[in-house]
Amino acid sequence: MAEGDNKSMNLMAQETAQLEEQLQCWREVILAGDQVLRWEKPWFPGALMGATTVLFLLIYYLDPSVLTGLSCTVMLLCLADYLVPTLAPRVFGSNKWTTEQQQRFHEICGNLVKTQRRIVGWWKRLCTLKEEKPKMYFASVISSLLAVAWIGQQVHNLFLTYLIVSFLLLLPGLNQHGIITKYAGMAKREINKLMKQKEKKNE
């Protein structure tokens, strides 16, 4: 068991090192984005939501077709891939890179590798469920897709996308400041109270 854990940790360390190497040109930008997403300054959440709102209002106003939106998105990604490695060292100053920044960059890459492994693990479990319990797999997938389709029918596509993107952007900050843990604990306590009250009524 210990040997398997060591092998998994070594493999994860190798994947983290490879990712660090691949993202080396983006390290300053990644650290700046990490500071914003973790709300290191009080005004970061407002700026984040303001920028997201302006972007979606612009999309709503222009109302581009799917093909136009996809083309513009890919074009912006290509421009970023070309310009960021060139401009980032000049803007942030590559000679100012410190040990603390390198440690944080290593942690970010490690978290990205862990997230990738979780997604792969969920996919493998889904495939296992399909093979071992096909009826449960079919019922779960169909019911989930029906629920998503119903939500998509009730809520405007762009607004629904805006809510999802906003939640994902705010999630690291909510987690960093313990807000999710706080309200999850409150919800758990309320549920426990309701369960106890129900048990007393049944007695």
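At what angle do H2 and H5 pack, and how far apart are their axes? I found an angle of about 80 degrees, with the axes 10 Å apart. Before going on, I noted that this is a predicted model, where local features need pLDDT of at least 70, side-chain atom pairs count only at pLDDT 80 or more, and totals for chains, interfaces and linings use all residues. Residues are numbered from 1 along each chain as its sequence is written, and side-chain values use heavy atoms, with hydrogens and water left out.

**Entry: H2 and H5.** I took helices (H or I, at least four residues) as DSSP runs, numbered from the N terminus. Axes are lines fitted to C-alpha atoms over the stretch in contact, with angles from 0 to 180 degrees between N-to-C directions. H2 and H5 are therefore roughly perpendicular to each other (65 to 115 degrees). On the H2 side I listed Arg-27, Ile-30, Leu-31 and Asp-34, which meet Gln-101, Gln-102, Arg-104, Phe-105 and Ile-108 in H5; contact means heavy atoms within 4.5 Å. By class, this contact of H2 with H5 holds four nonpolar, two polar and three charged residues (Ala, Val, Leu, Ile, Met, Phe, Trp, Tyr, Cys and Pro are nonpolar, Asp, Glu, Lys and Arg charged, the others, Gly among them, polar).

**Entry: Asp-34.** I looked up Asp-34 in helix H2 (residues 27–37). Asp-34 counts as buried because its relative accessibility is 11% (buried is under 20% relative accessible area, exposed over 50%, partly exposed in between, with a 1.4 Å probe and protein chains only). Not counting residues up to four places away in sequence, Asp-34 touches Arg-104 and Ile-108.

**Entry: Val-36.** Val-36 also has its place in helix H2, and I found it partly exposed, at 25% relative accessible area. Leaving aside neighbours within four places in sequence, Val-36 is in contact with Phe-44 and Leu-48.

**Entry: H5 and H6.** I then checked helix H5 (residues 99–132) against helix H6 (residues 134–154): the axes come within 5 Å and cross at roughly 125 degrees. The contact includes Leu-126 and Leu-129 of H5 and Pro-134 and Met-136 of H6.

**Entry: H7.** Last, I noted a kink of about 40 degrees at Leu-170 in H7, shortly before the proline Pro-172 (the angle between axes fitted to the seven residues ending there and the seven starting there). Leu-170 is also one of the buried residues of H7.

Key. Helix = DSSP H or I, 4+ residues; strand = E, 2+ residues; numbered from the N terminus. Parallel < 35°, antiparallel > 145°, perpendicular 65-115°, else oblique.
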